Every structure is written in C-alpha cells, then in structure tokens.
Amino acid sequence: MDQRDGFSNKFGVIAAAAGSAIGLGNIWRFPYVLGQNGGGAFLLIYLFFIVAIGVPVLLSELLIGRKAQQGVFGAFRVLAPGFKFFKIVGVMGVGAAFLILSFYAVVAGWTIEYTVLATANQLGDKSPAELATLFSDFSSSFWRPLFYMVVFMALTAAIVMGGVKNGIEKYSKILMPLLLLIIIVLCINSVTLDGAMQGLSFLFKPDFSKINSDVILEALGQAFFSLSLGMGIIATYGSYVQKKENLLQTAVSVSFADTLIAVLAGVAIFPAVFAFGIKPDAGPGLVFVTLPNIFNQMMGGYFFAVGFFILLFIAALTSSVSLLEVVVAYITEELKLKRKKATIIGAFLITVFGIFCVAYPVLFTSFEWTTSNILLPLSGILITIFVGWFLGKKQTRAELESHGSKIRMIGLLMLILKIFAPIAIALVFLNNLNLI
Ligand code: PHE
C-alpha cells in the first residue's frame, strides 16, 4: 500500500471501498438494529441520513485523501498545517477502529461457526425454537466463540501483514456480487412464506409514533458504521483514486451498493421473522436465528446455507482488513514500527479486547454503541467542517472537477458540509442527551 500507484480503474476503487463498507454491518447489524428501533420509521430516517449526511461525508473523506495523497494523519498535516487540532480525527479513528474490530471479530467468528454447522448439516433438521436455542447456547458459551474469534483475527492479521490486499480485492469483486445473488434468492424465498406481508409492512411502513431520540441516534450511527465513515478508511482509499476519476460518482456508487445490500438483507429477514414467530427485536442473534429457517424451507437450502455463511464471512474479512489497516498504519507511521511487528501487536491487543467482548456481553454492547453512535459521527462533524470551512468552495470544486467536467450542485454540497451536516449531527447528540 505504500507506493502511490493508484487503482488501475474506477471499479477497483469502488470495489475496495465497497469491500470495506459491505460487511456484517449490512447483514447482521442493520436488520437487528432496525428490528429494535421500530422498523419502517428507522428505515426512513436511516435512508435520509445516508443521502443527506453519509454521501457528503464519504465524498469528503475521498476528497481529503485524494487531495493530500496521504492517509488521514498525513492528510491533515499537509492540508492544514498549523491546525494540529484536526489530528484528533485520526486519533479518534484509530480508537474507534480498535474497539470496533474487537466486537466485529466476535460476530465474524459466529459466521465461521455457522459455516461449520451448515456444512455438517446441523442446521437442516432444526425447528425455529431449536435454532434459537442453538444460537443462544453457542453465543453465551466461552471457548467456541473465543476460538473462532481468534481464528478470524489471525486471518485478518495474515492478510494485512502479507499485503495481499490486492488478492482479496480481486476475489471480492467476484464474490460480493455472488453474495448479492444469494441474498436476492433469499428475498424471493422469504417473501413467499406464509405471513410474509407482516414482515414487509414492519420494514416498509413507518410507524411515526416509534420515532424518538434513541431511534434517530441509532439510525445516524448505523449510517456511519455501515459506510465505514469517520475513521479515515475511505480517505486512505481516496488517496489512491486517480485525478481523472469522478469522485462524486464514486461516492454515490459505494453508498448505493451498501444501502442496497442492507435493504435487501431486511427484505430477506423480516418476512421470515414474522413467518417463524421470531421477535423482531431479538437483538444481535436475529440473522443467525432467522436465516437458517429460510434455508430449511428452500430447495437446495443446504448449499445456499453453506454458500451464504462463507460469503458473509468473506464480507466480514474484507471489512476487518480495512479496520486493522487503520490501527497498523497508525503504529507504523506514528510509532515507527515495522509493518510486521505493528500488525502482530495491533492484532494481539485487539484480540485481548475481543476476549473481553466474548466474556462480557455488556462490553460488547457498549463498544458497539459508543463507537457507532458517538465516535464515528463526532469525527463526521470534524470532517465536514474541515472540507466545508477549511478547504472551502474553491478547493473543493477544483478537486471534485479534476476529472475535467463540471459538477453541478456544488452550492448545495457546500451548504450541507458547512452547515447542515455538522449542525444536524450535533442536534442528534444533544437531543439524545436530553439537552434540547
Ligand atoms: N462498514 C463495515 C460493515 O458494514 C464495518 C466497518 C465499520 C468497517 C467501520 C470499517 C470501518 O460491516
């Protein structure tokens, strides 16, 4: 990753950024958080945040990286010498990446367990109630989840260390569309179940009485989490985008792909949730107890189950690689350690935190809540202020139009970056703290 040779084409960057964005956040976290936060009303607010804040922040990160030709730490040094303050974005990003990966690896470990169970055909003969017990017994036990978490972290570290990133990106270009295909097949099977309508209306019919400050904050946090924002990950990819590429289009494509997968995951899951009598607010186990039921009703369900969990695992891996990369980049650049050493130390410390997440669900939950709902949106405020006020319209326009054609709506974009996004995020925070 050190030589700035750039991605060979636009699809390369989109695939890499989408590889980071598309992961457990879309398929595991989105449906369960939506289920706990009122369904359709959450979806509506979520979509609003993706368009009004997610896309502009994603674009800002890409722009910062490409303009500076550096990752976040260097980028702020180059673009705002004298404003050391912005370094805090990088620091918060490293902290967030560290904490996120420590619970993310636990859930990724669950995908390995489920791949093994599916392959051994141990999901196929179970009733909905048995599948629920299976998950709760497994996830509340210690050694097996721990074992898989460690395996997952070792794989992530091996990939980051070897720098075979290009390798997995190449595969994920083929495998992610395949995941999309399986999800579409799941959607079709799910909506044809008895009682599917109830699930669809839970997902798509907003019940405005369910909206409160928690729901709004969760929707904002999920938008940041799902798009991998607020950690400088996207800025790093931005530094590899060639000047001839259209950044706005890239930002829109990545956000669209990410949102599409999340919504389709919802369409696959909620009809089945109601058809099999599962509670929509069942929490982090929702996907794991719901989907095996659909596989059990499908023709060729065995193969779909195995394929799905393998692909979900790979989606998690491409995201976790980008998370570990943030931590390793920090250790190598700021603490001047060699990449190999940095990777081992980073992965080891994260694994230790991961062990605590396995042992104490309350830590798991609080890492998850604090990172997505507080740290990431907080960085988001600073990123938008930076581009809106420090770079300003002239520089922003020059960078966005470097591919040679005019970008319309630059006025609207600046308005969002300077005023709307920072104020909206701040209001969501204050409202949630009951301060307004
Ligand atoms: N966006 C990833 C997902 O949806 C998770 C992630 C968050 C990755 C933050 C990198 C940074 O699974």
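**Close-up 1. Methionine 409, in the loop between α16 (361-400) and α17 (410-432).** This is a predicted model, where local features need pLDDT of at least 70 and side-chain atom pairs count only at pLDDT 80 or more, while totals for chains, interfaces and linings use all residues. Residues are numbered from 1 along each chain as its sequence is written, and side-chain values use heavy atoms, with hydrogens and water left out. Helices here are DSSP runs (H or I, at least four residues), numbered from the N terminus. Methionine 409 has a positive phi, near 65°, and isn't a glycine. Most residues other than glycine have a negative phi. With a relative accessible area of 58%, methionine 409 is exposed (exposed means over 50%, buried under 20%, partly exposed in between, with a 1.4 Å probe and protein chains only).

**Close-up 2. Lysine 336, in the loop between α14 and α15 (339-359).** Here's another non-glycine with a positive phi, about 60° for lysine 336. Lysine 336 counts as exposed, because its relative accessibility is 66%.

**Close-up 3. Serine 226, in helix α10.** Serine 226 counts as buried, at 0% relative accessibility. Its side chain makes a polar contact with the side chain of aspartate 258, at 2.7 Å. For a polar contact, take a pair of N or O atoms within 3.5 Å; within protein, one must be able to donate a hydrogen and the other to accept it, and residues adjacent in sequence count only if both atoms are side-chain atoms.

**Close-up 4. Backbone atoms around the ligand, with alanine 21, leucine 24 and phenylalanine 225.** A backbone N or O atom of alanine 21 sits 2.8 Å from a ligand oxygen, and one from leucine 24 is 3.1 Å from an oxygen atom of the ligand. For phenylalanine 225, a backbone N or O atom lies 2.8 Å from a ligand nitrogen. Taken alone, the ligand exposes 320 Å², and the protein buries 100% of that (Shrake-Rupley areas, 1.4 Å probe).

Definitions and conventions. Helices (H or I, at least four residues) and strands (E, at least two) are DSSP runs, numbered from the N terminus.
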